[in-house]
Amino acid sequence: MSLRGSGGFLWDVTKPLGQGATSMVYKGRNKSTGEEVAVKVFSQAAHMRPAEVQMREFVVMKKLTHRNIVPLLAIEEEQGTNNKVIVMQLTEHGSLYNMLEEPNNAYGLPEEEFLIVFDHVTAGMKYMRDNGIVHRDIKPGNILRYIGEDGRSIYKLTDFGAAKQVENDEEQFMSLYGTEEYLHPDMYERAVLRAPHRKQFTSKVDLWSLGVSFFHVATGMLPFKPYGGRKNREKMFEITRHKESGMIMGVQHTEGGAIEWSRELPPTCRLSVGVKHLITPIFARLLEADPHKVWNFDELFLNVEGIIRKRVIHVFCSHTWRCLKVYIDSNKNLTNLQELIAEQTDIQHSDQLLIFDGQLLKDCVQPMLPIHSYPDGITANNPIFCYNRDYDDTNTFPQHFIKEFPKFHTTSLSEDYSVSKQCSAIACFIKKEVELYCLKQDLMRRSVHMYINEVYHECGHLVDYNLFLSKNCDTTLKWKENFIQMLSRELRMINLLTDTNDPELHSICLDLTQFYESSRQSTDEESKKITELSYQVQSLLSKLQEDQLNKKHTAKVQVVVEQILKIKQQFSENRRKTSLSFNDEQIHKYENDIERCLNKVESKIQRLDFNAGKPESFPPVMRSENVMSRSRSGGGDGIGVLVCAVVGGDVGGSVNVIVDVCAVGGGGGVEDDFNGLFLVLQFEKLGQSDSLMSQSVKPF
Ligand SMILES: Nc1ncnc2c1ncn2[C@@H]1O[C@H](COP(=O)(O)OP(=O)(O)OP(=O)(O)O)[C@@H](O)[C@H]1O
């Protein structure tokens with residue numbers, strides 16, 4: 001420990017919290033209260049700056065007091081040097097940059113955390129703007145994470161060394177600040193390319209930096225990347241300056257190669273479709289170099305507030321096997337929710353069957369009441385289940401985007417570290433995919449349960465109705481029988497009286513007798529069908545049992561991922577050494593066998609066989625076409641058709657079950673009700689399997 005101090009504070013210079021271009025930041029303590037603080041000590045180069053530039057950071061920090069801005073505690077003089085130091089609140093959880101360096105966040109922060117960043121950083125920016133301050137060095141490294149008393153993150157802006165007081169958004173300035181990757185193209189041109197133009201800048205340069213920073217936090221990557229990175233400056237400028245409006249990504253993958261443009265977030269981004277839908281237009285308007293098209297601050301604040309105020313409704317869509325997050329204003333109602341579900345699923349409002357906690361959603365919420373009155377219990381693990389009444393046989397299972405592990409070439413210790421870092425990121429990504437897969441598997445099972453319960457419930461109604469109809473039919477049949485007998489007697493009488501054996505009368509008599517017989521038969525058959533159906537439903541319900549294996553798969557993947565992270569940690573330490581001892585080198589080589597671990601992860605993924613969900617890879621399912629067509633033409637209270645997918649199953653390879661349920665409720669008249677009720681249940685048991693496709697299907 002090596003202590004330095006000022007009048008009121010002490011700090012240990014052996015353990016810096018962070019380092020910037022102009023300073024080192026250390027953990028320290030208040031000498032009288034013992035309170036932990038962060039102390040920013042400026043480098044020699046920083047002291048060479050003009051006095052008013054050095055003072056600017058102090059002046060700005062003194063002025064700002066906001067929950068999303070790191071608070072200034074004191075400005076002190078270091079004993080011995082008399083250099084000024086800044087004493088700030090300690091935010092021990094690092095910067096957003098540090099978070100993005102963690103393998104777990106290599107493809108962006110989790111959605112909930114991203115939205116907190118979005119909210120807090122914008123709130124900090126709004127406060128600064130209200131106080132006439134431009135930051136001019138917005139980047140993840142200058143956004144610190146503090147953990148509040150409730151355990152939730154609070155993000156705070158820091159580093160006001162480049163900040164400037166302005167009168168309004170349009171006030172122009174010429175001084176250059178910022179960090180290359182996050183710089184507005186005009187500033188980049190002057191500061192990095194040293195182009196001799198005399199363009200003026202406005203506070204809107206912060207909007208561009210904010211756009212790049214948010215993109216980085218959402219995806220783990222920078223939006224604009226020339227081949228070769230930072231060094232390829234001309235290309236970087238070309239990408240940002242000449243990109244089309246609306247493009248939010250431009251990457252050059254090969255030397256001198258074409259730029260791959262995109263208006264969408266990359267496929268590795270783990271944010272939900274719901275939130276992507278909302279933030280992509282914001283990125284497009286922030287990453288805009290044309291001053292006439294870029295947003296102003298008010299538009300940004302309004303849009304971000306609009307997103308943050310929304311409520312998230314979790315929905316599981318069984319026929320596409322997707323967990324949806326529907327962002328909706330809490331004053332909207334069920335109809336609006338269904339419209340938003342339709343946008344994400346292509347299941348039309350009228351075809352949606354929504355079930356929550358085993359009940360039809362419309363029965364457990366007031367359809368006309370606003371969303372904020374909905375139960376809090378709608379979560380990712382307990383979502384609303386959405387079924388398609390008009391199942392049209394076109395399953396669109398989501399594709400899983402998994403990068404390949406890079407290979408080790410062992411050219412240098414730092415190269416090895418870089419490869420192990422990429423491998424760790426991919427392994428963590430796979431772990432999340434496995435967790436999501438297990439959640440979906442569980443939801444699928446529950447979805448089938450609920451659907452069958454619903455069908456069972458409907459069947460119950462229909463059975464009751466059937467009984468009621470049977471009774472009515474019996475009465476009607478008796479009437480009919482009497483009527484026919486009466487009619488026959490009448491006919492005989494007429495025959496006797498007229499003494500003519502009229503063939504027309506004979507034929508009427510016969511028709512009536514046949515009608516009577518066939519009516520009786522069809523009633524008996526339908527009653528039998530309904531009884532069989534009840535048995536089938538009951539046997540299906542008893543066979544669908546909870547699978548506790550999911551936890552096992554996640555734990556297995558977790559172990560392998562931890563091994564990979566440990567190796568990465570070791571390689572990170574090796575990288576800092578100039579050379580390795582003989583023993584360390586042997587261990588390094590052995591650890592290079594990280595591929596062993598990678599193979600394990602890969603084989604687990606193959607066993608999960610994400611793409612087995614694609615429609616063509618499902619074994620053929622038994623289907624009664626006439627039932628399906630009748631369901632579609634059926635009447636109002638039909639309960640739709642569901643053909644659903646994998647339920648249960650050990651990834652290690654015991655049993656996967658495919659359930660195909662087609663249930664159809666009846667529509668209009670008596671005949672429809674009898675004939676339109678059908679349930680086709682099919683279980684296919686697959687033996688030990690790595691792939692659904694590779695197995696022969698044994699009928700259950
Ligand atoms: N209050 C704090 N608590 C904990 N760590 C901090 C604090 N302030 C700064 N740090 C750490 O120190 C690093 C450098 O701080 P800062 O960005 O203020 O320095 P700088 O020299 O102005 O950097 P830059 O290169 O951005 O100009 C931050 O990225 C962060 O990791």
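This is a predicted model: local features need pLDDT of at least 70, side-chain atom pairs count only at pLDDT 80 or more; totals for chains, interfaces and linings use all residues.
View 1. Residues are numbered from 1 along each chain as its sequence is written, and side-chain values use heavy atoms, with hydrogens and water left out.

**View 2. Helix H10 and its buried face.** Helix H10 (residues 334-345) has twelve residues and reaches 16 Å from its first C-alpha to its last, close to the 16 Å expected at 1.5 Å a residue (the expected span is 1.5 Å times one less than the number of residues). Leu334, Leu337, Gln338, Ile341, Ala342, Gln344 and Thr345 are buried in H10 (buried means under 20% relative accessible area, exposed over 50%, partly exposed in between, with a 1.4 Å probe and protein chains only). Seen down the axis of H10, these buried residues fall within an arc of 165°, so they line one face of the helix; the arc is that of the directions from the helix axis to the C-beta atoms. An α-helix has 3.6 residues a turn, so residues three or four places apart point the same way. The cover over the buried residues of H10 includes helix H8 (273-286), strand E14 (311-317) and helix H11 (361-364) (contact means heavy atoms within 4.5 Å).

**View 3. Lys40 in strand E4.** Lys40 lies in strand E4 (residues 36-42) and is buried, with a relative accessible area of 6%. The UniProt annotation "binding site", from an unreviewed entry, covers Lys40; UniProt positions are given in the numbering used here, feature names are shortened, and annotations may be inferred rather than shown by experiment. A polar contact of 2.9 Å joins the side chains of Lys40 and Glu57 (a polar contact is a pair of N or O atoms within 3.5 Å; within protein, one must be able to donate a hydrogen and the other to accept it, and residues adjacent in sequence count only if both atoms are side-chain atoms).

View 4. An oxygen atom of the ligand lies 2.7 Å from a polar side-chain atom of Lys40. For a polar side-chain atom of Lys139, the distance to a ligand oxygen atom is 3.2 Å. In the side chain of Asn142, an N or O atom is 2.9 Å from an oxygen atom of the ligand.

Definitions and conventions. Helices (H or I, at least four residues) and strands (E, at least two) are DSSP runs, numbered from the N terminus.
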